[in-house]
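Please read the following note beside the sequence and the model.

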Amino acid sequence: MLFRSLHSITRRPGFWKRNTFFLNETEYTNQIRTVIEETHNEYLHENTVNNALLWEMIKLKTREHSIKYATAKKAKFDDERKNSRRRLKPFRTSLKRKRK
């Protein structure tokens with residue numbers, strides 16, 4: 001059997017790799033724990049769901065939540081960056097004038 005590191009696999013459409021950077025964030029890990037518990041409880045009494053299907057559903061729901069989390073995090077970062085640039089614009093303009 002051949003094993004490959006996930007770092008050696010090139011990303012392509014349809015390939016998703018969890019951003020492990022978020023695992024250092026308490027907010028994210030708490031949310032993922034909640035998603036796992038809710039998914040487990042949702043399918044707990046389903047007779048048609050075996051352990052393999054439950055695991056696939058947990059992976060699906062955590063992936064879904066991770067994408068939403070990353071999207072919201074990026075939007076917040078972009079907003080903060082835009083606001084910082086807007087606040088710094090008068091200073092940059094005055095520096096340009098002083099150089100002339």
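**Note on the predicted model**

1. Of the 100 residues in the chain, 16% are buried, where buried means under 20% relative accessible area, exposed over 50%, and partly exposed in between (1.4 Å probe, protein chains only). This is a predicted model, in which local features need pLDDT of at least 70, side-chain atom pairs count only at pLDDT 80 or more, and totals for chains, interfaces and linings use all residues. Residues are numbered from 1 along each chain as its sequence is written, and side-chain values use heavy atoms, with hydrogens and water left out.

2. The chain contains two helices and zero strands. Helices (H or I, at least four residues) and strands (E, at least two) are DSSP runs, numbered from the N terminus. Among contacts in the chain with a separation of 6 or more, 55% are between residues 24 or more positions apart; a contact means heavy atoms within 4.5 Å.

3. Two packed helices are described by the angle between their axes and the distance between the axes. Helices α1 and α2 pack at about 145°, and their axes are 9 Å apart. Here the axes are lines fitted to C-alpha atoms, for helices over the stretch in contact, and angles run from 0 to 180 degrees between N-to-C directions. The residues of α1 that meet α2 include Tyr28, Ile32, Val35 and Tyr43, and those on the α2 side include Leu54, Met57, His65 and Tyr69. By class, this contact comprises nine nonpolar, six polar and three charged residues. In this classification Ala, Val, Leu, Ile, Met, Phe, Trp, Tyr, Cys and Pro are nonpolar, Asp, Glu, Lys and Arg are charged, and the others, Gly among them, are polar.

4. Which residues make up the largest nonpolar core? The five are Tyr43, Val49, Leu54, Met57 and Ile58. Such a core is a set of buried Ala, Val, Leu, Ile, Met, Phe, Trp, Tyr and Cys residues joined through side-chain atoms within 4.5 Å. Helix α2 (residues 51-99) supplies the largest share of this core, three residues. Beyond its neighbours within four places in sequence, Tyr43 is in contact with Val49, Leu54 and Met57.

5. There are four aromatic pairs in the structure. Rings of Phe, Tyr and Trp (its six-membered ring) pair if their centres lie within 6.5 Å; planes under 30 degrees apart count as stacked, over 60 as edge-to-face and the rest as tilted. The ring centres of Phe22 and Tyr69 are 5.1 Å apart and the planes stand at 80°, so this pair is edge-to-face. Because Phe22 lies in the segment before α1 (26-43) and Tyr69 in helix α2, the pair ties together parts 47 residues apart in sequence.

6. Tyr28 and Tyr69 form a tilted pair, 5.0 Å centre to centre with 55° between the planes. This pair links Tyr28 in helix α1 to Tyr69 in helix α2, 41 residues apart. Both Tyr28 and Tyr69 are buried. Phe21, Phe22, Tyr28 and Tyr69 form one aromatic cluster.
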